Amino acid sequence: MSLPTRPVRESALERAVRDGGSVYYLELSAPAFVDAAGAGALADAAGRFGARRLVLDRPPPALPRMLGLLWPGLPAIEVAAS
């Protein structure tokens, strides 16, 4: 998830925000890296989730650490155990 994938990422996250489900699963096993802008987009979307959850399935190892460091206390984001 970097600059070249930005349009796809933003479209998917916008659908997730508008979706009425209580949990939105985002499978992230393919990207080897998520840059700070990608992590920020996830944090922004999660901030608009309200009481819903955004579950990250198999994210790159650095992503949960980056989210915890730069956006601590985002209760909407959850990392699924692999």
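This report covers a pair of strands and the salt bridges around them in a predicted model.

Local features need pLDDT of at least 70 and side-chain atom pairs count only at pLDDT 80 or more, while totals for chains, interfaces and linings use all residues. Residues are numbered from 1 along each chain as its sequence is written, and side-chain values use heavy atoms, with hydrogens and water left out.

**Strands**

Helices (H or I, at least four residues) and strands (E, at least two) are DSSP runs, numbered from the N terminus. Strand β1 covers residues 23-27. Its side chains alternate. Y24 and L26 point to one face and are buried. Buried means under 20% relative accessible area, exposed over 50%, and partly exposed in between (1.4 Å probe, protein chains only).

Strand β2 spans residues 53-57 and runs parallel to β1, joined to it by five bridges. Two strands pair if DSSP finds at least two bridges between them. E27 stands opposite D57 in β2.

**Salt bridges**

The structure holds five salt bridges. Each is a side-chain nitrogen of Lys or Arg within 4 Å of a carboxyl oxygen of Asp or Glu.

| Pair | Distance |
|---|---|
| E27 and R58 | 3.2 Å |
| R48 and D44 | 3.6 Å |
| R58 and D57 | 3.7 Å |

What does the bridge between E27 and R58 tie together? E27 lies in strand β1 and R58 in the loop between β2 and α3 (62-70), so the pair links parts that are 31 residues apart in sequence. R58 also bridges to D57.

How exposed are these residues? E27 is partly exposed, because its relative accessibility is 38%. R58 is partly exposed at 41%. D57 is partly exposed at 21%.

A network of salt bridges links E14, D44 and R48. Within it, R48 and D44 meet through their side chains. R48 is partly exposed, with a relative accessible area of 41%. D44 is partly exposed, at 45%.
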